[in-house]
Amino acid sequence: MSIKTLQTELKNLKDKRVLLRLDLNEEIDARGKLVDNFRIESALLTIRKLVKAGAKIIIASHLGRPEGKWDKALSLKPIAECLAECLKYKFVETEDSLPSYKIPHVILFKKPLNKRGVAKLLGDQSAHDIVMLENIRFYEGEDNNSPEFAELLSKFADYYVNDAFSVTHHPASSIVAITKRLPSSAGPLLEKEIKSLDHVLNGNIRKPFVLVMGGIKIEDKAKTLRNLSRRADKVLLGGGLANLFLCAQGYDIGKNNISKASLAIAKELLLNLKSKLILPADVVVLSSKSATKGKAQAKKITDVGITDQIFDIGPQTILSYSKELKQAGTICWNGPLGYFEDKKFRAGTMSLAKVVGGLGKRKAYALAGGGETVAAIRLAGQLEHFDHISTGGGAMLEYLAGEKLPGIEALKK
Ligand code: 3PG
């Protein structure tokens, strides 16, 4: 069963009010400033297509997890401001009627949607403005996939577009229930995500296929690892994930904390995927009592002692992983290989990002995703050299695990 896509509907959307669900859940620092704007940038193409088609755009997005409560710290204001800047629009916010200017504005609409008269207020939208609703998770109905909340949302629009791949693994009201109330389709970003992930999952890929997995939580990644390992020829492990497998193999991993439950999963995976899994032969450690201070040094994995804490893969491992990657026809990467946020432990993730960036779009098909992975690849200046950078974290892992995502199922014809 295929999904309906926006491209074929664009011609019918002139002057129509389009509810555009995006995932603009960006990281915001303590001063309320955006740390990154990858998801905002990724949404621009869709917005521009809708503007060109003459649609009146109403954006719905979430930020953080306010769980149905209004929380000023999770307002979409910095997101709306950044979007306005990217589009070269002006920004304005309102708690009441929509202002009307001669030049295009992104208008953050802060009035609670369940108040009387909102449909009338939103109905006054100028064709050249973009309205952004305040954080959709401020409403209890969103997380509950409430039909009533979807009904309320549907009053403000004629058409619904889902371009929020990274939240399609949640049965939320503005993702699933809304599709029962408005004619709906998938936006170009969602379409590209599905196409790219399907390519790796079931497509006619170039071999060898090398999977790179790092990060911490094995509980979130085990199913994906199992599913992709059926196709992958090699699986290169780094980060906290590698520590678990090293421990499961009987190596001393010093002060790194691991739970019994995680270790049990690693042992099971090791048993079943052993021939494909490649683990670091050396690592970068800190040997001191303090958490992150002290001198970083590379050690063979056999030399790691009780006072060491592992923070990155070592130089020998960078070399051997690079060799594996340079032979690959297809590469899929999720999770950093070390604690790259600290300069001392950045070499593993940065070096491999550069290697994969050097292969992508030419010698190998390169796909990566996950919030931290994207941040690391951006830091290495390699984002545009990958064939596809997924906006999804949990959604990408679930999709690659072979799960059916409710938000995508809901758009099937
Ligand atoms: C994400 O950042 O992966 C999505 O926005 C989903 O956010 P959530 O994990 O809070 O549901």
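Okay, let's start with the cavity lining: for the largest cavity, the lining residues split into six nonpolar, three charged and two polar. Bear in mind that this is a predicted model.

So who is in that lining? Leu22, Asp23, Leu24, Arg39, Ala43, Asp163, Ala164, Phe165, Ser166, Leu189 and Thr391. The volume of this largest cavity is about 50 Å³. And how many cavities of 30 Å³ or more are there? The count gives one. If you're wondering how you find such a thing, rolling a probe the size of a water molecule over the atoms shows where empty space is left.

You describe a pair of rings by the distance of the centres and the angle of the planes. This structure has seven aromatic pairs. Take Trp70 and Phe138: their centres are 4.8 Å apart, with 45 degrees between the planes, and the pair is tilted. In the chain these two sit 68 residues apart, so to speak in distant parts. Trp70 is in the loop between strand S2 (56–60) and helix H2 (77–87), while Phe138 is in the loop between strand S5 (130–133) and helix H4 (140–143).

Buried or exposed, what is Phe138? Phe138 is buried, at 3% relative accessible area. Trp70, on the other hand, comes out as partly exposed, at 43%. Both belong to a cluster linked by ring pairs, together with Tyr139 and Phe149.

Here's another pair. Phe311 and Tyr339 have ring centres 6.0 Å apart and planes at 45 degrees, so this pair is tilted. Again, distant parts of the chain are linked: Phe311 lies in strand S13 (residues 308–313), and Tyr339 in the loop between strand S14 (330–334) and helix H11 (347–359), 28 residues apart. Phe311 is buried, with 12% relative accessible area, whereas Tyr339 is partly exposed at 38%.

Since Phe311 took us to S13, let's look at the sheet there. Three strands make an open, antiparallel sheet, in the order S12-S11-S13.

If you want to find it on screen, go to Val285, whose bridge partner in S13 is Ile310.

Conventions. Residues are numbered from 1 along each chain as its sequence is written. This is a predicted model: local features need pLDDT of at least 70, side-chain atom pairs count only at pLDDT 80 or more; totals for chains, interfaces and linings use all residues. Side-chain values use heavy atoms; hydrogens and water are left out. Rings of Phe, Tyr and Trp (its six-membered ring) pair if their centres lie within 6.5 Å; planes under 30 degrees apart count as stacked, over 60 as edge-to-face and the rest as tilted. Helices (H or I, at least four residues) and strands (E, at least two) are DSSP runs, numbered from the N terminus. Buried means under 20% relative accessible area, exposed over 50%, partly exposed in between (1.4 Å probe, protein chains only). On a 1 Å grid over the protein atoms alone, a cavity is a set of points where a 1.4 Å probe fits but cannot get out, and a pocket is an open set with protein on both sides within 12 Å along at least five of seven lines; lining residues have an atom within 4 Å of a point. Grid points are joined across faces, edges and corners, and a volume is the space filled by probe spheres set on the points. Ala, Val, Leu, Ile, Met, Phe, Trp, Tyr, Cys and Pro count as nonpolar, Asp, Glu, Lys and Arg as charged, and the others, Gly among them, as polar. Two strands pair if DSSP finds at least two bridges between them.
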